[in-house]
Amino acid sequence: CSAGYFLYMTKKYGAKGAMRMIWEGDYMSEENRDSMDKLEKYSKKMPKIIKKIETVESWFELQKLNSIDSDIASFPISTEIRKKTSNLSYEVDTLASDVDSVLSKDKCDEVVKLKKETSSELANIMSRLDIVMNRLLESEANFIATKEEAKAFYTAAAQSAVQATEAKEYHSKGTTARSSINGYSIVA
């Protein structure tokens, strides 16, 4: 190892890092290397999570297009989609917890930087998932409200029909009854 190379490594990694590079082949301490490996492993999981979110988003958009009123999403959420979003939420929360648990010995710049980037990307994923979950819940709430409104409408219509039938029957019976009460004998 030449003095120039050592000086270059010292500037780049610091004295400890340069010594580790020469003796161990890695400028990072074992703890920081483990932290970097964990963060890189966690970062590799994120594209799969994004794909899963996109699947749920696609399902939502398809259901919205298939719904009668496209301005207001109003449809029930299947058990399968509930499970997918629930499992996805759990997976993202677990990953966020794992990223938060990664430590940086001596505040290693690379570990701190990668942890910050990973946490930021996870925050974006969590935000996107929250939006998807809120849209699904809103849609189901609209569906339930619409269903309840329809139920109330049909109940009121049925009651009106019953009342109309009863009124018609009462009127036809009532005329005869009233007539006989008043001493008249009129048969309709």
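Select Ser35 to begin. Ser35 sits in helix α2; helices here are DSSP runs of H or I with at least four residues, and strands are E runs of at least two, numbered from the N terminus. This is a predicted model, where local features need pLDDT of at least 70 and side-chain atom pairs count only at pLDDT 80 or more, while totals for chains, interfaces and linings use all residues. Residues are numbered from 1 along each chain as its sequence is written, and side-chain values use heavy atoms, with hydrogens and water left out.

Stay on Ser35. Its relative accessibility is 8%, so Ser35 counts as buried (buried is under 20% relative accessible area, exposed over 50%, partly exposed in between, with a 1.4 Å probe and protein chains only). Now show what surrounds Ser35. Beyond neighbours within four places in sequence, Ser35 is in contact with Val102, Leu103 and Val111; contact means heavy atoms within 4.5 Å.

Next, the core. Select Ile49, Ile53, Leu122 and Leu136: these have the most contacts inside the largest nonpolar core, which has 25 residues. Such a core is a set of buried Ala, Val, Leu, Ile, Met, Phe, Trp, Tyr and Cys residues joined through side-chain atoms within 4.5 Å. Colour α2 (30-66), α3 (79-101) and α4 (109-181), the elements that give two or more residues to this core. Helix α2 gives the most, with nine residues.

Zoom in on Leu136. Setting aside neighbours within four places in sequence, Leu136 is in contact with Val56, Trp59, Phe60, Ile77, Ile81 and Thr85.

Now the charged pairs. The structure holds five salt bridges, each a side-chain nitrogen of Lys or Arg within 4 Å of a carboxyl oxygen of Asp or Glu.

- Select Glu91 and Lys52. Their closest N and O atoms are 2.9 Å apart. Glu91 is in helix α3 and Lys52 in helix α2, 39 residues apart. Glu91 is partly exposed at 29% relative accessibility, and Lys52 is partly exposed at 39%.
- Select Arg128 and Glu57. The closest N and O atoms of this salt bridge are 2.8 Å apart. Arg128 lies in helix α4 and Glu57 in helix α2, so the pair ties together parts 71 residues apart in sequence. Arg128 is partly exposed, at 29%.
- Finish on Glu80 and Lys84, a salt bridge at 3.6 Å, N to O. They are four residues apart in helix α3, so about one helical turn separates them. Glu80 is exposed at 52%; Lys84 is partly exposed at 36%.
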